Amino acid sequence: MIFFMIVHMSVVMSFAVIGNLLLMLVIMRGNAAAKQRISPVQLLLLHNCIADLLFALLSLGSEVMVIATYPEFLGPDFLCRLTRYAQMVPMFASPFLLVAISADRYQAICRPLAHYRSDRYRRPNCLASVAWMLAMALSLPQMFVWHKTADNECATVYGRGVSTLKSAYVIYFNTIAWLIPSIMAGTFYYHVCRAVWRASGSNGSHRLMSTSTNKEHLDVQTQSYIDCLRKQSFMYQRQSSEFDRKRIQTVRLTMTIIACNFFLWAPFCIANVIQAVKPGMLNPRVFTYIVILGNLNSCINPWIFIFFNTNMFRRALRNLFPSWKSGPSTHSNDNESFYGCFGSATRQLVLFKTSTALPCGTSDFGSCSKSDCDYRQMI
C-alpha cells in the first residue's frame, strides 16, 4: 500500500506540474500572440495555477518523502511542523482562489458598470491577496497539532484514536477549506446564472449593462436617441451577441473548474470526517482510493482551461514554434477584444470589438465624445 501511494502521488505530482506550467505558458504566450493584456479571470487562474503547483510540490512532494521514510521522520521537530504547515497552505489557497474567481465573475456579470469604473486589476489582485493571506493564517494550527515524537515519528498530538480534539480539528478543516468556499462559490454563481438567464435573448449584453444603472434615469430624448442607434446598428447587434457568447463561455469555464473542485474533494472531506469520528467504519483501502480523487483536482484544472480555450492554446503554440504556422486561422476574430466606452453625459456603456483600442469617433455610436469617454478592455 505504501508503494502504491508513493507511485500514485509521484504520477499526480508530475502531471500537475506539467499541466499547470503548460497552462501558465498558454495564458502568457497566448495573450502575447494576440497582443492583449491578461484578463482578470486569467490573472486569478494564474494564482490558482501557483496554488496547484504548490500543492503538487509541497503537499504531495513532501508527503512522498515522509511516506518513503515512514515511520521515522528525518529532521528536527521544527521541520516536522513546518512541513505539515506548508502542506496545508495550498489546500486552503486553492478553494479560496476559486471563491475569488466566483466573486470576480459576479462583479463583472451582475454589476458590469461598477466593474468597468473600477481598476480592472485592483480587485482581482486584492481578492488573490486576501485568499493567500487567509490560507497562510488558517494553516497556522498545523504548527501546534503536529510534532516529532520520541520514536522519531512526525505525528499529531491527538494520536490515531478517537478524541474530541481530533474530531474538532478535522471538522474545522473540512468546513473552512471545502464546505464554506463551496457555498460561497455556489451563491455567487447562482446570481451570475440568473443574470445571464434573464439577459438571454435580444439585447442581452445591453440588459446586463443596464442592471446596475436602474436608478440613473435618462431624459426621454437621450434615451430615444440611444435606442434608435442600437436598432439601426448591425455591428452593435453583432458585437453584443459575440460579447454575450464570450461572457457565457467564461462563466462555463469557471463553473466547470469550481464544480470539479467540489465533486472531487467532496468524497475525501466526507470520508475524512467519518474517519475522525468512527475510524473503523471505512475500509483503509477504500479511504486510500477516495484520497486519490482529491489529489486529481490539481491535474485536471489546466486541461479544463485548455479545452475551453483551444484557440488560445493554438496561438501559444504558434507563438512558441513559428514553423508550425500553416496559414490564416479560421478563428481570426479571437484575436480581437472588446473595449468599452463609458459616456459621462449619457451614463451608457458602449462596446467595441477590435484588435486594438479604438479612438473616439471611429464607430457608428455618437453617444460619447473624445473628452468624456474612457476605453477599457472588458473581457
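Visitor: What makes D104 count as buried?

Guide: The relative accessible area of D104 is 0%. Buried means under 20% relative accessible area, exposed means over 50%, and partly exposed lies in between, with a 1.4 Å probe and protein chains only. At 0%, D104 is therefore buried. The model is predicted: local features need pLDDT of at least 70, side-chain atom pairs count only at pLDDT 80 or more, and totals for chains, interfaces and linings use all residues. Residues are numbered from 1 along each chain as its sequence is written, and side-chain values use heavy atoms, with hydrogens and water left out.

Visitor: How do you know that D104 forms a salt bridge with R123?

Guide: The closest N and O atoms of D104 and R123 are 3.0 Å apart. A salt bridge is a side-chain nitrogen of Lys or Arg within 4 Å of a carboxyl oxygen of Asp or Glu, so this pair qualifies. Helices (H or I, at least four residues) and strands (E, at least two) are DSSP runs, numbered from the N terminus. Both D104 and R123 are buried.

Visitor: Which residues are linked with D104 in a network of salt bridges?

Guide: The network joins D104, R105 and R123. D104 also forms a salt bridge with R105, where the closest N and O atoms are 2.9 Å apart. R105, at 8% relative accessibility, counts as buried. The whole structure has 4 salt bridges.

Visitor: Why is C193 in no disulfide?

Guide: The nearest cysteine sulfur to that of C193 belongs to C110 and is 9.2 Å away, beyond the disulfide cut-off. C193 has 32% relative accessibility and counts as partly exposed.

Visitor: How do you know that the span of helix 5 agrees with its number of residues?

Guide: The expected span of a helix is 1.5 Å times one less than its number of residues. For the 17 residues of helix 5 this gives 24 Å, and the end C-alpha atoms are 24 Å apart, so the two agree.

Visitor: What puts the buried residues of helix 5 on the same side?

Guide: The buried residues of helix 5 are R123, P124, A128, A131, W132 and A135. They cover an arc of only 165 degrees around the axis, which places them on the same side of helix 5. The arc is that of the directions from the helix axis to the C-beta atoms. On the face turned away from the buried side, helix 5 carries the exposed residues R122 and M133.

Visitor: What is the phi of N152?

Guide: N152 has a positive phi of about 65 degrees although it is not a glycine. Most residues other than glycine have a negative phi, and most peptide bonds are trans. N152 is found in the loop between strand 1 (146-148) and strand 2, and its 33% relative accessibility makes it partly exposed.

Visitor: Which residues does the cis peptide bond join?

Guide: The cis peptide bond joins Y70 and P71, with omega about 10 degrees. P71 is in the loop between helix 2 (40-68) and helix 3.

Terms used: A disulfide is a pair of cysteine sulfur atoms within 2.5 Å.
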